[in-house]
2 protein chains.
Amino acid sequence: MSEKPEDGHSSMIYSFAPIGTIHTPFSTPDGTPIQPSRAAGAKGVVQLDAPFREGLQDLEGFERIWLIYHFHKAPTGQLLVRPFLDTVLRGVFATRSPVRPAPLGMSVVRLLSVQEDCLEVADIDVIDGTPLLDIKPYVPEFDSYPGSKAGWFDESSSQMRHADDRFHR
Amino acid sequence: MSEKPEDGHSSMIYSFAPIGTIHTPFSTPDGTPIQPSRAAGAKGVVQLDAPFREGLQDLEGFERIWLIYHFHKAPTGQLLVRPFLDTVLRGVFATRSPVRPAPLGMSVVRLLSVQEDCLEVADIDVIDGTPLLDIKPYVPEFDSYPGSKAGWFDESSSQMRHADDRFHR
């Protein structure tokens, strides 16, 4: 990758190879939990491709992990979206919508077990076959801000737990 | 992007264009805070490229946001790394090291103000000029698990706050 141009990075593209695949019970966007916190324990398997398995060392002992993945079924980038938990159009960067300029997703899941080639996880909220880009440990000191004000989410009374087909019609 | 092959995604590459640039007081990896929680309020500016600015709508009211970015100064992928907060080699997926197969970083920062073309933030822990890929709102229901066990981090007594040059020699 070359140096950034004076006017920013907009002429550059960053490419990432997946490290594995996330397997879940959810074959279509419609019906997939909208967040791990609303996934009611749904289980999945995070399969690591062979060249990356050594990197799983020391994951045991973490109760939760971040999965960073590609929203591979999402249409590309709108700047205003109607999120699952609301009825009005919102700026995409104020939502967790799968439709976004760089379709990168991140989910905190519970780590049930670490195998040689895969991880068993719970509270999974992604579609089966999702390409995995990274795994990071969940560390409360870095990641947990329980009292943080959350804009329009704090006003939302939606109890919706599963996606519908709004982003895939 | 084509359909995934039977044996996973390993033959595929996912490409993302940046949406902007993160400006901070930290010009080199050596001396940059290792996490927002150890950044002691350091301020930065998240500059959005023109085509993406409309997506900032509704961000006001969020106390914190996630920045997802490219670790543009990190050497590429080792599977075992010596993290800033430890003295032994750890599996990379059990660390928050900038050196990882897909060099994607994520940081929770405090949102100070939303301007038309940029965001003022605090607790920033990235190098000046970092290419920004995505912004997501920090939502405690989705992101905050304060009591989550954190493996070797829970044993670490390191009070280290800033990076050294271990990943850039």
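Two strands are said to pair if DSSP finds at least two bridges between them. Within this pairing, Ser15(A) has Ser15(B) of S1(B) standing opposite.

Before going further, a word on the source: this is a predicted model, in which local features need pLDDT of at least 70 and side-chain atom pairs count only at pLDDT 80 or more, while totals for chains, interfaces and linings use all residues. Residues are numbered from 1 along each chain as its sequence is written, and chains are lettered from A and ligands numbered from 1 in the order in which they are written.

Now the relation between the copies.

As for the interface itself, 69 residues of chain B are in contact with 69 residues of chain A, contact meaning that the C-beta atoms, placed from the backbone, lie within 7 Å. Several elements of chain B each supply at least two residues to the side that touches chain A, among them strand S4 (64-70), strand S7 (104-114), helix H1 (140-143) and helix H2 (151-155). S9(B) gives the most to this side, with 6 residues.

Which way do the residues of S4(B) point? Arg64(B), Trp66(B), Ile68(B) and His70(B) point one way, Ile65(B), Leu67(B) and Tyr69(B) point the other way, and all are buried, which requires 20 or more other C-beta atoms within 10 Å of the residue's own, whereas 12 or fewer make a residue exposed and counts in between make it partly exposed, with C-beta atoms placed from the backbone. In a regular strand the side chains alternate between the two faces of the sheet.

S4(B) pairs with S7(B) in the antiparallel sense over 7 bridges, with Trp66(B) opposite Val108(B). S4(B) is also joined to S9(B) by 5 bridges, again antiparallel, and there Ile68(B) stands opposite Asp134(B).

Turning to chain A, a closed barrel of 6 strands runs S2-S3-S8-S7-S4-S9, with antiparallel pairing. One of its pairings links strand S2 (residues 20-23) and strand S9 (residues 130-137) of chain A over 3 bridges, and Gly20(A) has Leu132(A) as its bridge partner in S9(A).

The largest nonpolar core has 96 residues, and those with the most contacts inside it are Ile65(A), Leu67(A), Ile65(B) and Leu67(B); such a core is a set of buried Ala, Val, Leu, Ile, Met, Phe, Trp, Tyr and Cys residues joined through C-beta atoms within 7 Å. Leaving aside neighbours within four places in sequence, Leu67(A) has contacts including Ile22(A), Val46(A), Met106(A) and Leu132(A).

Finally, is Thr87(B) buried or exposed? Thr87(B) counts as exposed because there are 8 C-beta neighbours inside 10 Å, and this residue sits in the loop between strand S5 (80-81) and S6 of chain B.

Definitions and conventions: Two residues are in contact if their C-beta atoms, placed from the backbone, lie within 7 Å. Helices (H or I, at least four residues) and strands (E, at least two) are DSSP runs, numbered from the N terminus.
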